[in-house]
Amino acid sequence: MRRIISVLMENAPGSLSRIVGVFSQRGFNVDSLCVAPTDDKSLSRLTIVTVADDKVIEQITKQVNKLIDVLKVSDLSDGHHVERELMLVKVATRSELVRAEVKRNVDIFRAQIVDVDANNYTIQVTGTSDKLDAFAHALSQSTEIIEASRTGVCGLARGEKALRP
Amino acid sequence: MEMMSGAAMVVRTLKDIGVKHVFGYPGGAVLDIYDALYAQQDVEHVLVRHEQAAAHMADGYARSTGQTGTVLVTSGPGATNTITGIATAFMDSIPMVVLSGQVPSMHIGEDAFQETDMVGCSRPIVKHSFLVKRAVDIPEAIAKAYYIANTGRPGPVVVDLPKDIVNVSEEHPYQFPEDVTMRSYNPTLKGHNKQIKKAVKTLLESKRPILYVGGGAISAEASDLVTEIAEKLNAPVTSTLMGLGAFSSVHEQFVGMLGMHGRLEANKAMHNADCILALGARFDDRVTNNVDKFCPHANIIHVDIDPASISKIVGAHVPVVGSVDEVAKQLLKEMGKIDAKAQHAKVADWWEQINQWRSRKCLEYKKGDGLIKPQEVIESLYKHTNGDAYVSSDVGQHQMFAALYYPFAKPRRWINSGGLGTMGFGLPAAMGVQMAHPEAVSTVVTGDGSIQMNIQELATCMQYNLPIKIISLNNRALGMVRQWQDMIYKGRHSHSYMDSMPDFVKLAEAYGHIGIRVTKPEELDEAMAKCFAAKDRLVFMDIEIDQNEHVYPMQIKFGAMDDMRLSKTERT
């Protein structure tokens, strides 16, 4: 089952490598990982998407929680939550027809063209991972994807729940 | 505020923490720290002959006292040589702080001379690590390291110190942090009340209870409390290899060590129990055998300070996160007064069954073919030390014989590498024990394979007058490997024999010690007496034992806990 694990940890050198270490050491898989400092600069928030059964998720949560730098761990997929991912994708736009089709897809998916070049557009799209997959698929039907970069999922629980120190 | 160099701060912080002994080896990156050590008397440095041994010495020191062991080594090879020692401590949850030198900050990442990413190398085998970046941060980093190492589930912590920050030519203000707090680290010590109630209810309803005691009971100093619980419930007690001594092995309720080479009655009792109270044990694969067949009738109450240990291997019916001592106190309080007579009656059938298993006498062995049996060596050791010695062990058959045939009545007397199984651990560990307890009898049970993995430390023993007694069970082979080859590989002894054995007696003498060779059973007693009569000397007992003896009982692979071989020909 796909799970989204949210981790609040000290924004200290080596913290990230310790988290990644737990995953590689214990044979847990990582689908995506997204990390950046929070509003409190001394803390980092990290979101990991993994696929595992309940027993493994329990171990992942406990092993990550055990790290000295980690303050809080929560499984977002346990309850209602908002999740988003951002993708930048560069597509070839060599003809008027392709440009029009790409633009149509951009509108339908509520994406944005953020850079234009003679022969390509760079598009930004946000949403769930599924939406990003669908968008990439739609683009690939009408043109060639030159390159794409995704941030990985980040998310927050809905309502009162919060991951604070 | 006092001004001093980074190097002086390192030593001063150790002193302020209360560190008495440091085990180490100098080198380029730590010369400043060594110079600071030279100028004082508060912290005694013990010079080893190989850094791995420094880590094992600090480890033995920690295991025998409960205090954190300290290691000081240089960068690069000095640091990497401690890796096996750190991993050993990590697997057995032993508090240790390793101070490693590092190349100057500005050269980190340049592949400088004797540079290794020690924080990176050690990451999977430490509880935590620090790379200190400024001299003023030294006291706090070291204080935190000791705090982390010896609170919660203990473990090793590495503090990497670049050479430029310990530079003796620059002085900085020194402030010792009186109070260490970390918002991200607060181990849970007390069990959850609801879980305590549930645990007690389960225990009192049980007709076939057993206490399964592990190393956590020793690190929590919970022996008396565990004994009180056992006596109150009149329950049998079994122990892991790491827990030996936490509950007295000479207590009538003790059914012996459990697991791969556990006693028949211990494994039988576990398999047939209806309630298992696991205290600071982690259901290791050397205990459970096939997890799918593990203890099918039991409600499992798992008490552990590390939440990640609970339900990692075997699901717990009643998980209790907390230290064994705190939880034991809570359990006793919740139990209140128990009618002893009624409780005895409740478990009477259970004891009758257990005594039947005991009557099989699974530890009996055959003597009388003119060869010394390893078991009788351990029995003789027990006799000549009145069962009161510190016994450090290496890894292999001798380790299992020692665990089975030397009953430990007290905690912290049995010092062995249980989790990692590190050959070469025994001698340096016994040295650490002897440094911590100068008046005590510190012995090593070892074999001809293991002892050669850190034999250079005989020189350190000479330098510091450590009168260790080395009991080497010499079978001219790697016994445990050979046993498995006999059992599984049709006796094809692939590289498990040594046909260029040194003369251990001469070797001991070359280092300035006493060596005694024993080859006949009838000489054993007298030789042992001679060994322990030489109180202030190291004695190396090279005891030629029966090469074909196997360790039994032994669990049968893929079976349940109590599927065991009892000898070369018998099984359960």
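Predicted model: local features only at pLDDT ≥ 70, side-chain atom pairs only at ≥ 80, totals over all residues.

Me: What makes residues of chain A count as in contact with chain B?

Reply: The test is that C-beta atoms, placed from the backbone, lie within 7 Å. By that test, 18 residues of chain A are in contact with 15 residues of chain B. On the chain A side, strand E1 (2–10), helix H1 (15–25), helix H2 (54–66) and strand E4 (70–75) each give at least two residues. H2(A) has the largest share, with five residues.

Me: How do the residues on that side of chain A divide into nonpolar, polar and charged?

Reply: There are six nonpolar, six polar and six charged residues on the side of chain A that touches chain B.

Me: Now to chain B. How do you know that strands E12 and E13 of chain B pair?

Reply: Pairing asks for at least two bridges found by DSSP. Five bridges join E12 (275–279) to E13 (299–304) in chain B, so the two strands count as paired, and they run parallel. Within this pair, B:Ala278 stands opposite B:His302 in E13(B).

Me: Which sheet do they belong to, and why are E11 and E14 of chain B said to stand at its edges?

Reply: The sheet is open, with six strands in the order E11-E10-E9-E12-E13-E14 (chain B) and parallel pairing. E11 (254–257) and E14 (318–321) of chain B each have a single partner strand, so one side of each has no neighbour in the sheet. From one strand to the next, the twist averages 15 degrees.

Me: What makes E2(B), helix H2 of chain B and E3(B) a right-handed unit?

Reply: With the strands pointing away from the viewer, the path from the first strand over the helix to the second must run clockwise. E2(B), H2 (31–38) of chain B and E3(B) make a right-handed β-α-β unit, so their path is clockwise in that view. The strands E2 (21–24) and E3 (44–47) of chain B pair in the parallel sense over four bridges, and B:Val22 stands opposite B:His45 in E3(B).

Me: How are H11(B) and H15(B) packed, and which residues meet?

Reply: Their axes are 8 Å apart, at an angle of about 145 degrees, and the crossing is right-handed. B:Leu264, B:Glu265, B:Lys268 and B:Ala269 in H11(B) meet B:Ile354, B:Trp357 and B:Arg358 in H15(B). By class, this contact has four nonpolar, no polar and three charged residues.

Methods:
Residues numbered from 1 in each chain as written. Chains lettered and ligands numbered in written order. Contact = placed C-beta atoms within 7 Å. Nonpolar A, V, L, I, M, F, W, Y, C, P; charged D, E, K, R; others polar. Axes fitted to C-alpha atoms, helices over the stretch in contact; angles between N-to-C directions. Left-handed = near helix turned anticlockwise from the far one by under 90°.
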